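Here is a friendly note to read alongside the model. Please keep the sequence and the 3D view open as you go.

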Amino acid sequence: MPSPNPLPDPAPDWLGWLPPRLVAVDVETTGLAETDRVVSFGAVALATASLAAGAPEIACHHLIFDPGRASHPRAEAVHGYDDWLLRHQDPACLHAGALADLLAGADLIVAHNAAFDLGFLNRELAAAGLPPIRPRVYCTMEAYRRRGEKGRAALDALCRRIGLARVGTRHGALEDAWLALRAYLWLQACPVAVARPDLAAPSNLRPVPPRPEGPLPPRA
């Protein structure tokens, strides 16, 4: 007869080296310089214990901001938000406290090219009078390079290696945060797939009045 109180299945080996709560993040920006600003923020928070049951528990965060300046044309081609739409959104400082709380609650922050994303996030926090991000950070780009993989270490190249791709040609902060999360789990030999989240518009997206004809008027 089976035991009336069977022992639970042991946790898989890969679960032992995962932090309890990790948050994968990505930002889209007006450009690449230190004077550029964040346009959108995406994050996927994962309770890693839920992976053992094969039903990952995630929470998604997707925000858009008025960066106070126009994007570089190449950056706008990447993220797809024009200046008319962005100038009608919230400034990042209105959401900086919530972002700081989200990141402070993580045991590990994951990002692809983490120095880029965290550099921009810390500058936005500093502009809002908040301290920099403190939790441990894991860069999937650096980890991929340390594996000795051939070729480029960009996020799209890593995703091709593991059989993933973006839905479209544009880079969305929430989708790229999810891709960074999938890359991290693959690098940790975790066999559980976290499904692509609903890539809806940012939760704080404000309606935009009709675009005027001709050149846009100067920013207020």
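The points below go from the sheet to its helices and then to one residue.

1. This is a predicted model, in which local features need pLDDT of at least 70 and side-chain atom pairs count only at pLDDT 80 or more, while totals for chains, interfaces and linings use all residues. Residues are numbered from 1 along each chain as its sequence is written, and side-chain values use heavy atoms, without hydrogens and water.

2. Begin with the open sheet, whose 5 strands run in the order S3-S2-S1-S4-S5 with mixed pairing. Strands are DSSP runs of E with at least two residues, helices are runs of H or I with at least four, and both are numbered from the N terminus; pairing takes at least two DSSP bridges. S3 (57-64) and S5 (136-139) form the edges with a single partner strand each, so one side of each lacks a neighbour in the sheet.

3. Next, look at S1 (residues 21-29) and S2 (residues 38-47), an antiparallel pair with 9 bridges. Here Val25 lies opposite Ala43 of S2.

4. Helix H7 (residues 173-187) packs on the sheet and touches S1, S2, S3, S4 and S5, where contact means heavy atoms within 4.5 Å.

5. Finally, visit Asn204, in the segment after H7. Is Asn204 buried or exposed? Asn204 is buried, because its relative accessibility is 11% (buried means under 20% relative accessible area, exposed over 50%, partly exposed in between, with a 1.4 Å probe and protein chains only). Residues touched by Asn204 include His62, Gln89 and His95, not counting those up to four places away in sequence.

Methods:
Axes are lines fitted to C-alpha atoms, for helices over the stretch in contact, and angles run from 0 to 180 degrees between N-to-C directions.
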